[in-house]
Amino acid sequence: MTMPLLKKCKLSYSFNKLDYVLVFIFSVFIGWVYYRSSIGINYHWHWSAAFDLIFTARANGNLPYFFQGIISTIRLSLWGLMLAIVVGTMIGVARHSKVALFRRPAIIYIQLIRNIPPLVFIFIFYFFVSNQIIPQLGLTTLLREHQGETNPIAACLFGPANLWENLFSGVLCIGLLSAAYIAEVIRAGLAGVDKGQWEASHALGLSNWSKYRYVIGPQVLTQIIPPLAGQVISLVKDSSIVSLISIQELTFVGTEMANSSGLIFEIWLLVGFVYLTLCLALSLLFSHFEGKNRKYLTK
């Protein structure tokens, strides 16, 4: 993307007429669904009971179970995202490399992960790989046999000690799954940089670090932020899959609360609202980063 074109690109956060029309249509649709659910299927909403349930503290004085699920989802998503970005960047660079020794294994990994359904990958990884990885890494004592109290920092970063093994398995699952998609985003970003930019940075005698830091990196970042934002949002939503391997994140908690209370619609609508809020916040955050990066390139 050239500098004149970048100067013409401006982010706009204001609603236009089409946005207002879409919001109105969506509001009417939600109102119609609510009305039909009340008179058509004779369902009586119990929002007060649902809110009482999600705000009720645990018997031991801990946070309400619903909010523990939200925190677990955020924790799982953050650690999974960090792993996915690190692994995905390395694989994406290897995929873009001209050295076959690096490129071919990266292609195999990407094609293997992207052509297996996420649910199948989760089960295969958890039952056949994760159980072997933990002993091989010497983490059995730490994750499965941890004794004593954990300090507040460790509890905040990793949650309760008795769930560390679940967290570790979940992070590996969604991190390695998302890494394959992020690798393709990185590869496309590197391929999108004009050949002249590589030649110019090489002609200036820049070191590899300076070349990527000041010339290639900012241009790649500008191109990959939109698809990367979509992949990060998908990672947050995909974290719900690990509820099937008994990781107590938001979807797992919502399932238990809905089944035990009978407030099926209310609980699941609240769960959906939380996911919507998290994803919208991420969308706005990446829009902010995109604006900042564009301003940096136009200086």
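Select Gln-231 to start: this residue is buried, with a relative accessible area of 11%. Buried means under 20% relative accessible area, exposed means over 50%, and partly exposed lies in between (1.4 Å probe, protein chains only). Gln-231 sits in helix α11, residues 208-238. Now show its contacts, where contact means heavy atoms within 4.5 Å. Leaving aside neighbours within four places in sequence, Gln-231 touches Ser-178, Tyr-181 and Ile-182.

A note on the model and its numbering. This is a predicted model, where local features need pLDDT of at least 70, side-chain atom pairs count only at pLDDT 80 or more, and totals for chains, interfaces and linings use all residues. Residues are numbered from 1 along each chain as its sequence is written, and side-chain values use heavy atoms, with hydrogens and water left out.

**Stop 1: the whole chain**

Zoom out. The protein chain has 13 helices and 0 strands. Helices (H or I, at least four residues) and strands (E, at least two) are DSSP runs, numbered from the N terminus. Of the 299 residues, 37% count as buried. Show the surface next. The accessible surface comes to about 18,100 Å², and 67% of it belongs to carbon and sulfur atoms. Such areas come from the Shrake-Rupley method with a 1.4 Å probe; for residues, only the protein chains shown count as cover. Consider the contacts with a separation of 6 or more: residues 24 or more positions apart account for 73% of them.

**Stop 2: α9 and α11**

Two packed helices are described by the angle between their axes and the distance between the axes. Axes are lines fitted to C-alpha atoms, for helices over the stretch in contact, and angles run from 0 to 180 degrees between N-to-C directions. Select helix α9, residues 164-191, together with α11. Their axes come within 9 Å and cross at roughly 145°. α9 passes α11 in a right-handed crossing. A crossing is right-handed if the near helix is turned clockwise from the far one by less than a right angle, and left-handed if anticlockwise. Ala, Val, Leu, Ile, Met, Phe, Trp, Tyr, Cys and Pro count as nonpolar, Asp, Glu, Lys and Arg as charged, and the others, Gly among them, as polar.

**Stop 3: α5 and α9**

α5 passes α9 in a left-handed crossing. Pick Tyr-109, Ile-110, Ile-113 and Arg-114 on the α5 side; Tyr-181 is one of the α9 residues they meet. Here the count is 9 nonpolar, no polar and 2 charged.

**Stop 4: α4 and α5**

α4 passes α5 in a left-handed crossing. Ile-91, Ala-94 and Arg-95 make the contact from α4, and Arg-103 is among the residues from α5.

**Last stop: Arg-103**

Centre on Arg-103 in α5. Is Arg-103 buried or partly exposed? At 23% relative accessibility, Arg-103 counts as partly exposed. Gly-92 lies 11 residues away in sequence and 9.0 Å away in space, C-alpha to C-alpha. Beyond its neighbours within four places, Arg-103 contacts Ala-94, Arg-95, Ser-97 and Lys-98.
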